[in-house]
Amino acid sequence: MEKCEGNSTLKKASTNQFLNFVRHTMFGQRRHVVIAAFVLFGIAYSDAGISVYPTEIFVVSPNRSAPLTISNPTDSIIEVWVSFGHGYPVAFDSGKVSMSRSDTAGIGDLTASKWLRVYPQRFTLGAQGAQVIRVFGTPPPGLASGEYWARVVVSSKPKNARLAVTRNNQTKLMMELVSQTTVPYHFRTGVVSSSVVVKQARASMDDGYLRLRVDLRRAGNAAFWGRINYKLLSSSGKVIRMKDYRVVAYKEMSYSVLDTLPSVYEGPYSVELIIDNVHPSVAAQYRISSEPFRQRIPVTVP
Amino acid sequence: MHRHRVRYHLIFRAMILMCPLFSTASSQQPVPSSPPEELVPIEFDLKRDGRAEVVSLQRENKVYLSVRGVFDFLRIKNDYAPTEGILSGFFITPDTSYVIDTRAMKARVGNRSMSLLPDDVTLRADIVYLRIELFDPLFGLAIQYNPRTLKASLATQVALPVFLNSKIKRLEDELAGRPLRLKPEATFERTFSWINGGQLDYSFRQTLSSAVIPSRSFSTRITGMLIGGDAEARFIGNLSSGVDITQTRLHWRYVPVKAPLFKQYVVGDFVTSGLLSREIYGVQLTNHPANPRIFFADETLSGQAVTSRGVYMFESSRLSAVDHSASGRYNLNSALTYGVNYIDILEFGDWGETFGSTRRIAIPASLVPPGEIDYDVVVGRLRDVGDPWHGELSSQWGVTSRVTAGVRMEYYGYDNLPTKVFPDFNVTARLADHLIGEALLSPNAFLRGTLDLTLPSLVSAGFSYTDYRSVRLFNPRNAINEITGHVVVPFSPDGMRFAFDLSGTQTILSPARERKARIGLSAFIGVFSPRIATQYGWIHPYDNLDETNLVFHETEPSLRVRLPANLFVTLAAPFNHIEGSFRNFRVGVLIQPVSNLLLEFEYDRNFAIQSTFARFRLQWISPFTRVTAGVTRGGDNLLFDQSVSGSVGAVPELGEFFFESNPSRAGYGTMLIAPFIDANLNGIRDAGEPIISSARLRASTIGVGGFRLTQLPEIGWVIPRAIPYQNYVVELPQIDLENPLWIPRYRVVEANSAPGTSTYISIPVIAGGSLRGTVLHLKGPTLQEGVEFVKVTLREDVSDEELVRVGRPRYEKKVETFSTGDFEVIGVPPGKYTVSLDGLQLASLRLQGRQLTRPVTIEAKTDGDIVEGVNFILIERK
């Protein structure tokens, strides 16, 4: 079963769980209620104070393993454990990006989570400490060409740092903060290809803002990692503004850009859009060659 | 704690925001006269470098950040003067001051000024709040604010002082955790071999000319191990006439592994190192090490600290020592190496200011490490007319780290010498960090004193005085004395680099005084490198003291231009002032269109003799050899030449040959490190046991730390030009192996390289296993909970006889359970083991188990064995 994380998780967990929590806390018979709360997902630098490097893993057959460095920049001791899931970012019609995550792969997804292992799987990190772990894959023989995805889920919680609140000698609330950080994992075997098909690209300018919306779909058998470069051009072709945005498309994705503009006069302009495979955090050896997408969109400042 | 506060605040704010939702929609609120504002603590997240709580002021849709809060965290100096309403400080460096004037509504950072609008800055309780968007145009800090998470993020490449702080802390931690020297688990000593390996440098050249007889010459240099030592042979000759015996040089050297008296025994051809460097064939015995000396001595650098935040010493840009002593006086230990040591002694202020100095300490090769005595004995015949006998006894003593003194006695068997014995006394002294003085007093040959000064700014000066005796062997020009001096002053205005040089020599000869001087100025301006130099030569004959003849005066302007596509053009036109004409005009063009192809063209027009010289040359460098072809035209003659050169090395262990295009490999060693999967656990690489293809090996030697090795597919990792007789430490970190369950037999090995041959080191790697289990507390029929901190021991099963023989099990590992009761041991070698819990600890926890030990077996499998479910169930002790 898929679930969407981020703020929507908090919304879903809302009423019933909150009431249950209050019931247990105020009137329950159990002395301890342990709540795993504030579960954040999808960023490589989490609130519980661990950082993970690299922030994405690419393994190309016949290589089978990749190192991952987990650092504890805090001054407290934490316990860290690593598991695997399946997920990728998706975009809603509103342009809001969220993480689609499930324990099992969706239909048509090639998942690596079933045959991944990690060593060590659980460990303790001292204050300011770091640990290199190895994500090791044992892909089954005869694996079809393509890119197999997984998400390396790094969970952490403070060690020996449970907060206890005593209420009327009967109930003790214990709160445990667990954070999760995920790192996308990609295992490539055989022939892989990746590019994007732009379904729709729109641009408008008003109120001192440039609004750009790009709906795209990934083509090929691997996720697309690249960047959107846009240039705002005057009618004479002079570049007024230029910016890069990172793009990751596992399936379908929408990007909305709201950019503050310098003072511009009324009149016709154009936005030149280029989407290529140069993602700043992907090493050159892992870039999948594809033809850059180019489009020029006319815009008018009213 | 502040993170928690931020979260609670988030919840609190969410509740406040929700309140209007529950209020009646029809309620009418009075419209405030001024926009409401709120002070909200938010989280300020500096990407990859921590976070802090910063107070923000939120008004309408605008967000302001406390400049003090942000800058204190980023360690940017900020002072607010309430009477003037001015916030000031400096941004990163003291020469970039900034001012935010809340009354005049102006801001200035360095030379940039900006007018502020009333909405840009707000003052509350003597704290300046700046609109979050203005941190970027003013300071280049693009802060992104997320109102939903109450989080401001800053990802920047600006070298903020906070980065410096964390970098220093990281370096200190690294320094504290850095082992002084990796301790090898195995040492591979050199072994005796009658003949082993071999390296051949070769060069063949053929010339065809319309003016001279065609020639086909060759030059070879062969090195390898022979009768326990290393041998070298050089042959020069012609394909038509064969080897030229007079140019043949043979050399054999024995370097014992344990050397009580002499470290090198040399027989054959070598070069003397006495008053004269001459070729000799004979015998040399010396206790000088066969490998080049790199480390000189430890030296304590002292001084007075400016701050109380510690003094940091960086050697070659690497933190090597820290002194946090409270006395204010620092003492830092530096490991000085031969050559030039650049040592930065730095201190850091509260706001990232850097204080300190660079010390440049030169250690010349003539200094012997303190406390050591070098001595050598040489007997042989010089390769000179009549093959005169030569003998040498010398001793050099490193008196202190600043002074080396030596005595030497030399014998030269030339017939026409007034005396054949030449004693000398020599001293080398480090008079200061930048000043080296040397004195050589040989009463029968010459007396010489030199001073060399080089400052950290690379301004250098040198002075030398020689007083000659009338022995032609050492004084062929029959000079009385000679003074030389030079000065080089580099300077860099506006990013350009210039160097001014001045040198002069005065030689007092018997009939005259000779003076020479040269003044030069060179520059590097972008792609242009111009230089102009003028040389003078005067002769002052003693028979006519009034006459001073300027016999030579020439100015040579030259220009070198670096163009795209690796195209270099050189122009030069020396002008002879005495004759009033240009001597010649030279043009050189060099282009390297691809890395392995070099094209050269030279043109030289000599106006004095009215001749023209032109040459075109092509060089192609393949991975195996270097091929050169050229054509030269001088006058009416054409000359064609072709050459082939390179180097070939043999590795007998592999039956392989290695080729290299650079013909200067002979004399170096080759080290091959081959980690392999030892499938049958016998420690020897058998057929079918593959070399590990994915690993990262690092090597180090004295003075060169932590360099990565080159991988040769199917062979292993190689140090191609290992310094002969040098010890190398090679590290094979288990974490860098592709499979984390692989266990190298040795993680750190040390080996001594031998010249002209290969040192082959095979490291067995076994596939181990991992063990996982859980310690559970059974609290009810269906309720069980993991027990944390339980000690779990994994011990190899050994027979009683073996235990008596070995003393303890070869493998034993103790771990503790995590909060879930899980435990894990990885990298366990194949074998039979027992997993056990500590009964005493369980008793103290008031727990007991039906079974406190469990046998497990780790089997030898290619990808490693995984044993899971080694669980222990505990119950409450009655």
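## A strand pair and its sheet

In chain B, strand S49 (residues 698–701) and strand S53 (residues 727–731) run antiparallel to each other and pair over three bridges. Strands are DSSP runs of E with at least two residues, helices are runs of H or I with at least four, and both are numbered from the N terminus; two strands count as paired if DSSP finds at least two bridges between them. Within this pair, Arg698(B) stands opposite Glu731(B) of S53(B). In general, the strands of a sheet pair through backbone hydrogen bonds, either parallel or antiparallel.

Both strands belong to an open sheet of five strands in chain B, with the order S13-S55-S53-S49-S50 and mixed pairing. Its edges are strand S13 (186–188) and strand S50 (704–708) of chain B, each of which pairs on one side only. From one strand to the next, the twist averages 25 degrees; axes are lines fitted to C-alpha atoms, for helices over the stretch in contact, and angles run from 0 to 180 degrees between N-to-C directions.

## Basis of the model

The model is predicted: local features need pLDDT of at least 70, side-chain atom pairs count only at pLDDT 80 or more, and totals for chains, interfaces and linings use all residues. Residues are numbered from 1 along each chain as its sequence is written, while chains are lettered from A and ligands numbered from 1 in the order in which they are written.

## Chain B as a whole

Chain B has six helices and 66 strands. Its radius of gyration, taken over C-alpha atoms, is 38 Å, whereas a compact globule of 878 residues would have one near 29 Å; the globule rule is 2.2 Å times the number of residues to the power 0.38. Along the principal axes, the C-alpha atoms of chain B fill a box of roughly 120 × 90 × 60 Å.

Of the 878 residues of chain B, 23% count as buried, that is, with 20 or more other C-beta atoms within 10 Å of their own; exposed means 12 or fewer, partly exposed lies in between, and C-beta atoms are placed from the backbone. Among the contacts in chain B with a separation of 6 or more, 53% join residues 24 or more positions apart. A contact requires C-beta atoms, placed from the backbone, within 7 Å.

## Two residues of chain B

Arg381(B) lies in strand S27 (residues 373–382) of chain B. It counts as partly exposed because it has 14 C-beta neighbours inside 10 Å. Leaving aside residues up to four places away in sequence, Arg381(B) touches Ile280(B), Tyr281(B), Gly282(B), Asp387(B), Pro388(B), Trp389(B) and His390(B).

Ile609(B) is in the loop between strand S43 (597–606) and strand S44 (611–621) of chain B. Ile609(B) has 8 C-beta neighbours inside 10 Å and therefore counts as exposed.

## The contact between the chains

Chain A contributes 18 residues to the contact and chain B 17 residues. On the side of chain A that touches chain B, strand S5 (65–71) and strand S10 (130–137) of chain A each supply at least two residues. S10(A) gives the most, with three residues.

## Confidence in chain A

The mean pLDDT of chain A is 77, and 73% of its residues reach 70 or more; pLDDT is the predictor's confidence in each residue, from 0 to 100. Over residues 1–48 of chain A the pLDDT is below 50. Where pLDDT is low, the predicted coordinates should not be read in detail.
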